[in-house]
Amino acid sequence: MLDAELAIGFALPDNEFSWAEDDVARYHLALGAGARHTDPAELRYLLDAPHVLPTFGMTVPAALGIAAAQHYHAQPPEIRFPGVELDLAKLVHARQEIVVHRPLPPSGTGTASSRITALHDKGSAAIIVQEASLTSAGQSLLSFRTSIHARGEGGFGGDRGASAAELAVPMPERAPDAVVVTKTLPQQALLYRLCGERNAVHADPERAREAGFPGPTLQGVCVYGMVCKAVTDAVLDADPTRIRRYEARFAGVVFPGEVLETRVWRSGDEILFTTVVPGEPERPVLADCRITCVPAGTGDRE
């Protein structure tokens, strides 16, 4: 059930949080870091004072998207607060954007705040838009814009919002500058549960089948983070402090153990890319992807 008048503008409770180097290392390990266990660039994500991918911010509950409401107002498999009562099994990530104001340090404390900013009626489904921010010591660290697709929840009479074509990020009509292959692990979704995304469709075969999948799926935010790391390693010399913005549309599901193929184009200060599960036919995973970056050596600046 959705009620735009009640939901839009609703703010989830501010979330005070802290993180340590072990939390960062656990997150990076859940993304597959460490496979090249003697590579100095790889070890930057895992050893003392690790580099921090901006997608680590997605592990803060208030930044996870509307599904994070379970941490405050209901127990899985439901979320419930004014204007929104939904089954988590009906929710999938639609789009995610992160804006980096300051690179995340390897440890710290902060506050996460978030609110619902829009409900779009797509007829057979609804799109719920949430904006969130992370601050520390009065300084902005990250801002998020999350769109969640709620299957079967349309028809409530709301605005349709922008079309997919209007939101699309055009890819260059030339061969990619790089093609990055990322192997997911059979246990990847179980590892990523340790980072807080505990929707049962990613772990329980029965709940996955009830949601219409043949088996548990890999968390969308895990794929989002894995691809961010893969592109950072391939194009940005494994330096996540150069990332200033990362946006992507979730175009399809990934099952643990599948291989991801990311096609990358450089365009000025932007990195454009798409991710698929290769095969005949190939299956889109992430689309309309764009990372805005700064030159090497300037990543620690506002």
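## Backbone, pocket and side-chain pairs in a predicted model

Asp-288 lies in strand 12, where helices (H or I, at least four residues) and strands (E, at least two) are DSSP runs numbered from the N terminus. The structure is a predicted model, in which local features need pLDDT of at least 70 and side-chain atom pairs count only at pLDDT 80 or more, whereas totals for chains, interfaces and linings use all residues. Residues are numbered from 1 along each chain as its sequence is written, and side-chain values use heavy atoms, with hydrogens and water left out.

**Backbone geometry**

Most residues other than glycine have a negative phi, and most peptide bonds are trans. Asp-288 has a positive phi, near 50 degrees, although this residue is not a glycine. Ala-137, also a residue other than glycine, has a positive phi of about 50 degrees, and Ala-137 is placed in the loop between strand 6 and strand 7. A cis peptide bond, with omega about -5 degrees, joins Glu-280 to Pro-281, and Pro-281 belongs to the loop between strand 11 (270-277) and strand 12.

**Accessibility of selected residues**

The classes in the table rest on relative accessible area, where buried means under 20%, exposed means over 50% and partly exposed is in between (1.4 Å probe, protein chains only).

| Residue | Relative accessible area and class |
|---|---|
| Asp-288 | 9%, buried |
| Thr-292 | 19%, buried |
| Asn-199 | 9%, buried |
| Arg-44 | 35%, partly exposed |
| Ala-137 | 79%, exposed |

**Surroundings of three of these residues**

Thr-292 is found in strand 12, which spans residues 283-293. With neighbours within four places in sequence left aside, Thr-292 is in contact (heavy atoms within 4.5 Å) with Arg-242, Ile-243, Arg-244, Arg-245, Asp-269 and Glu-270.

Arg-44 sits in the loop between helix 3 (40-43) and helix 4 (70-73). Not counting residues up to four places away in sequence, Arg-44 touches Pro-50, His-51, Asp-237, Ala-238 and Asp-239. From C-alpha to C-alpha, Arg-44 and Gly-34 are 9.7 Å apart in space, and they are ten residues apart in sequence.

Asn-199 occupies the loop between helix 6 and helix 7 (205-210), and, once neighbours within four places in sequence are left aside, Asn-199 is in contact with Leu-88 and Arg-193.

**The largest pocket**

Rolling a probe the size of a water molecule over the atoms shows where empty space is left. On a 1 Å grid over the protein atoms alone, a cavity is a set of points where a 1.4 Å probe fits but cannot get out, while a pocket is an open set with protein on both sides within 12 Å along at least five of seven lines, and lining residues have an atom within 4 Å of a point. Grid points are joined across faces, edges and corners, and a volume is the space filled by probe spheres set on the points.

The largest pocket holds about 590 Å³ of space. Its lining is made of 26 residues, and those nearest the centre of the largest pocket are Ala-94, Arg-95, Ile-127, Ser-147 and Leu-167. At least two lining residues come from each of strand 4 (91-100), strand 6 (125-136), strand 7 (139-151), helix 5 (164-167) and strand 9 (243-250), and strand 4 gives the largest share, six residues. By residue type, the lining of the largest pocket has eleven nonpolar, seven polar and eight charged residues; here Ala, Val, Leu, Ile, Met, Phe, Trp, Tyr, Cys and Pro count as nonpolar, Asp, Glu, Lys and Arg as charged, and the others, Gly among them, as polar.

**Aromatic pairs**

Rings of Phe, Tyr and Trp (its six-membered ring) pair if their centres lie within 6.5 Å, and planes under 30 degrees apart count as stacked, over 60 as edge-to-face and the rest as tilted. By this rule there are six aromatic pairs. For Tyr-27 and Tyr-192 the ring centres are 6.1 Å apart and the planes stand at 65 degrees, so this pair is edge-to-face. Because Tyr-27 lies in helix 2 (residues 21-30) and Tyr-192 in helix 6 (residues 188-192), the pair ties together parts that are 165 residues apart in sequence. Tyr-27 and Tyr-192 are both buried. One aromatic cluster is formed by Tyr-224, Tyr-246, Phe-250 and Phe-273.

**Cysteines**

The structure has zero disulfides, a disulfide being a pair of cysteine sulfur atoms within 2.5 Å. The cysteine sulfur closest to that of Cys-195 belongs to Cys-222 and is 7.7 Å away, which is too far for a bond. Cys-195 is buried at a relative accessible area of 10%, and Cys-222 is buried at 0%.
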